[in-house]
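Subject: Structure for your review

Dear colleague,

Please find below the structure that I am handing over to you. My notes on what was found in it follow directly after it.

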Amino acid sequence: MTRPSPVALQRVVVVALWSLATMTIGVLLFIIVYILAHGLPHVSWGFLTQSPEYMGRKGGIFPMVVGTVMVAGLAVLVAAPIGVATAIYLTEYTREGRMTAMIRFGADCLAGIPSIVFGLFGFVFFAITLHLGLSVISGALTLALMVLPTVVRTSEEALRAVPSAYREVSYGLGSTRWQMVTHVVLHSALPGISTGVVLSLGRCVSETAVVMLTAGSALRLPHSLFDSSRTLALHFYMLSREGISMPNAYATASVLIIAILALNMLAYWLMRRFVAKVR
Amino acid sequence: MRAQPKVAVRGFTASFGGKVALRDLSLDVFPRERLAIIGPASSGKTTFLRSLNRLNDLHPAFSHSGQVLLDGKDIYDADMDVVQLRRRVGMVYAVPVPLPWSVYDNLVYGLKLAGIRDRTTLDGRVEAALKSVALWDEVKDRLKEPARNLSGGQQQRLCLARVLVLQPEVLILDEPCSGLDPISTGKVEDALAELKARHSIVLVTNNTKQAARSSDRTAFFLMGELIEVGPTAQLFTRPVQQRTNDYLIGQFG
């Protein structure tokens, strides 16, 4: 058997890589198109603004939209300051040693825990031990723990990407460490940090197992942080899993997928701004 | 013979994790003089400069002995305000590092850190500093532009002006012209000649011609030690030490 010529081989490789790469985007497009095709016809203004009736067979998803915003928003509001502060401590306020290794190891372990385990922990600790019940706040706190490592790691990377020369210049012009961090480092790292925060928000919005065990699945509009609430992702799961209404399940999924896509695009846009800035 | 030294380095030894970068070094910088420091790579020139504004302190393994006296006061004393010190001893780096802001924001950053907020004062200081580095005419209409849009030579003069707005007593420059074209280099050197009327200047350079052109005295460093210091004209024509002569005629380094 003769070996193929290098030029022929080159052609084969290009075609093969191209097809496989196209498959990646193809799978994504297929899922999106499939869900939107089944769901979008059922999405209307009324669907977005009305309460569900008959367990979601009829009516809309307004309480779930509110619940999702509350649970995911609060989770990120809790996780972002803690995560960013941890990252600042790790990069700016301490030298590499046992302590930083331990914090990093802890964050990595936390990132590797399956979400259902977080859900179980949140249920036992927040809902039962702290008597917060199945509520927005139980769900949000548990989700915050879940996305904390993501916020820490992405913020840390963004902070490390700030040229060390900036720090020296800032010191050289008479800044304290805190002034250096707030004026120069955070300023430059902000788009990168925001990217991590937005991606975390996306994970909170799409999480199912955790919210089922901690925020519950009440169909009513939550009036306080201590009310139970059902998020969009969980609503979609319930509608389809219990055979309540596939059209409404697809419609809910469409809303969810569009929200996630919007968040990812926002993160991507922030990332591009970040790269342009650091370069 | 002369006035009191502005900066007096006395028996200064600096090391990074056991690796000695400067060994028992003593050297004076007088008011209104330009002192050039020459020497081959890793002879301790940069460490010496960064010891004068305590920037070496940022290195985790840095340790030192000996004194650096600024107006007679040891800057390594426990009660020294390091932030204040770095305003008095302004540093310019080898590579221009404009912060990712506008030209104007770069220039006023140090002043704002020092608590100066008055717009008229800020504008006045900015204009004066830009004029002293011959940059005013080039950027007076571009103050709101990102500093990174300036050319390399303009950026380096901006970095010099950014330090000058603070009116430092001592100006330390670490190979400020290493990345610049001859015309930009000329502009920086002209600026230094003017600035020595008000500042003590310490200029580290790899370019012996630059040292010969734009300094009053020159010190020759080798492997962390001061080999020789003297009036520039004398050091370049009649060096006392054989090793200085060897370096100048290019036998090593």
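In which loop of chain B is the place of B:Arg54? B:Arg54 belongs to the loop between helix 1 and strand 4 (62-70) of chain B. Please bear in mind throughout that this is a predicted model.

Most residues other than glycine have a negative phi. B:Arg54 has a positive phi, near 60°, and is a residue other than glycine. B:Arg54 counts as partly exposed because 19 other C-beta atoms lie within 10 Å, whereas a buried residue needs 20 or more. B:Ser42 also has a positive phi, of about 50°, and is not a glycine. The loop that holds B:Ser42 runs between strand 3 (34-38) and helix 1 (45-52) of chain B. With 13 other C-beta atoms within 10 Å, B:Ser42 is partly exposed.

**Chain B as a whole**

Chain B contains ten helices and ten strands. Its radius of gyration is 18 Å, close to the 18 Å that the globule rule gives for 253 residues, so chain B is as compact as a globular protein of that length. The C-alpha trace of chain B spans about 50 × 45 × 35 Å along its principal axes. Of the 253 residues in chain B, 45% are buried. Among the contacts in chain B with a separation of 6 or more, 68% are between residues 24 or more positions apart.

Strands of a sheet pair through backbone hydrogen bonds, either parallel or antiparallel. One open sheet of chain B has four strands in the order 2-1-4-5, and its pairing is antiparallel. Strand 2 (19-29) and strand 5 (73-74) of chain B are at the edges and have a single partner strand each, so one side of each is left without a neighbour in the sheet. Strand 1 (residues 7-16) of chain B runs antiparallel to strand 2 of chain B, and seven bridges join the two. Within strand 2 of chain B, the residue opposite B:Phe16 is B:Lys19.

**The sheet of six strands**

What is the order of the strands in the open sheet of six strands in chain B? The order is 6-7-8-3-9-10, and the pairing is mixed. Strand 6 (89-92) and strand 10 (225-231) of chain B stand at its edges; each has a single partner strand, so one side of each is left without a neighbour in the sheet. From one strand to the next, the twist averages 15°. Helix 6 (residues 152-164) of chain B packs on this sheet and touches strand 6 and strand 7 of chain B. The direction of helix 6 makes about 170° with that of strand 6 of chain B.

Strand 7 (residues 170-174) and strand 8 (residues 200-204) of chain B run parallel and are joined by five bridges. The bridge partner of B:Asp174 in strand 8 of chain B is B:Val204. Strand 3 and strand 9 of chain B also pair in the parallel sense, over four bridges, and B:Ile38 stands opposite B:Phe220 in strand 9 of chain B.

Strand 9 (residues 217-222) of chain B is mostly covered, with six of its six residues buried. B:Arg217, B:Ala219 and B:Phe221 point one way from this strand, while B:Thr218, B:Phe220 and B:Leu222 point the other way. Strand 9 and strand 10 of chain B run antiparallel, with six bridges between them. In strand 10 of chain B, B:Glu225 is the bridge partner of B:Leu222, and B:Pro231 is the bridge partner of B:Arg217. Strand 9 and strand 10 of chain B form a hairpin with two residues between the strands, in which B:Met223 takes a positive phi near 50°.

**The contact between the chains**

How many residues does the contact take from chain B and from chain A? It takes 17 residues from chain B and 15 residues from chain A. Helix 2 (82-88) and helix 3 (103-113) of chain B each supply at least two residues of the side of chain B that touches chain A. That side of chain B has twelve nonpolar, two polar and three charged residues.

Yours sincerely,

A colleague

Notes
Residues are numbered from 1 along each chain as its sequence is written. Chains are lettered from A and ligands numbered from 1 in the order in which they are written. This is a predicted model: local features need pLDDT of at least 70, side-chain atom pairs count only at pLDDT 80 or more; totals for chains, interfaces and linings use all residues. Two strands pair if DSSP finds at least two bridges between them. A residue is buried if 20 or more other C-beta atoms lie within 10 Å of its own, exposed if 12 or fewer, and partly exposed in between; C-beta atoms are placed from the backbone. Two residues are in contact if their C-beta atoms, placed from the backbone, lie within 7 Å. Ala, Val, Leu, Ile, Met, Phe, Trp, Tyr, Cys and Pro count as nonpolar, Asp, Glu, Lys and Arg as charged, and the others, Gly among them, as polar. Axes are lines fitted to C-alpha atoms, for helices over the stretch in contact, and angles run from 0 to 180 degrees between N-to-C directions. The radius of gyration is taken over C-alpha atoms; the globule rule is 2.2 Å times the number of residues to the power 0.38.
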